[in-house]
Amino acid sequence: MSGGTSVLRKFIPPYRIVHRLPGRMRIHIPLLEKVPPNWHAYSERVADVVKIKRGIQKVNIQPISGRILILYKPEEMGENELMQWLLTLTKTVMSLSHITRDLSEKEFVTVLDCVRLQLLSFAN
């Protein structure tokens, strides 16, 4: 297990890589299954934040099954770099966790925009 993967487990326990091929990774995060249905509409916005990293082509988040599919260009980023990016995303969101508790949907969108801005410096 890579260093990025083991560190990520501390932030998103538990998760598991369900399937991986060069350029494709499917991750199961049971915590996603607990997202209330009225928040599922924001999956696309969250996916857009994940995609700001150069090399990530597509992100499909399925809260009902708790799975995320990430398609990426293996010639631009490896699996370890992808896992490090997910760790950076998670740490950024966790740093705002004191803000994100009990947010309205409108406030969530604002926080998501803030996360996007903070991550742009890490994206290239």
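These are my notebook entries on a predicted model of one protein chain.

**Ground rules.** I number residues from 1 along each chain as its sequence is written, and I leave hydrogens and water out, so that side-chain values use heavy atoms. Because the model is predicted, local features need pLDDT of at least 70 and side-chain atom pairs count only at pLDDT 80 or more, while totals for chains, interfaces and linings use all residues.

**Overall layout.** I looked up the elements first. The chain has five helices and four strands, in the order α-β-β-α-β-β-α-α-α from the N terminus. Helices (H or I, at least four residues) and strands (E, at least two) are DSSP runs, numbered from the N terminus. I then noted that 39% of the 124 residues are buried. Buried means under 20% relative accessible area, exposed over 50%, and partly exposed in between (1.4 Å probe, protein chains only). The accessible surface is about 7,300 Å², and carbon and sulfur atoms hold 56% of it; the areas come from the Shrake-Rupley method with a 1.4 Å probe, and for residues only the protein chains shown count as cover. Among contacts (heavy atoms within 4.5 Å) with a separation of 6 or more, 59% join residues 24 or more positions apart.

**Strand pairing.** Two strands pair if DSSP finds at least two bridges between them. β1 (residues 16-21) runs antiparallel to β2 over five bridges, with Arg 20 opposite Met 25. Two residues lie between these strands in their hairpin, where Gly 23 has a positive phi near 90°. β2 also pairs with β4 in the antiparallel sense, over five bridges, and Arg 24 stands opposite Leu 71 there.

**Nonpolar core.** Which residues touch the most other members of the largest nonpolar core? I found Ile 27, Ile 56, Val 59 and Ile 70, in a core of 26 residues. Such a core is a set of buried Ala, Val, Leu, Ile, Met, Phe, Trp, Tyr and Cys residues joined through side-chain atoms within 4.5 Å. At least two residues each come from β2, α2 (43-50), β3 (56-62), β4 (67-72), α3 (79-95) and α5 (105-119). α3 gives the most, with five residues. Setting aside residues up to four places away in sequence, I listed the contacts of Ile 70; they include Met 25, Ile 27, Ile 56, Val 59, Leu 82 and Leu 86.

**Helix α2.** The buried residues here are Ser 43, Ala 47, Val 49 and Val 50. They are on the same side of α2 because they cover an arc of only 155° around the axis; the arc is that of the directions from the helix axis to the C-beta atoms.

**His 28.** Beyond its neighbours within four places in sequence, His 28 touches residues including Pro 14, Tyr 15, Glu 33 and Arg 67.

**Glu 76.** I placed Glu 76 in the loop between β4 and α3. At 32% relative accessibility, Glu 76 counts as partly exposed. The side chain of Glu 76 reaches the backbone nitrogen of Gly 55 at 3.5 Å. Not counting residues up to four places away in sequence, Glu 76 touches Arg 54, Gly 55 and Glu 81. The C-alpha atoms of Glu 76 and Ile 56 are separated by 8.7 Å, with the two residues 20 apart along the chain.

Technical notes. Polar contact = N/O pair within 3.5 Å; in protein donor to acceptor, adjacent residues only side chain to side chain.
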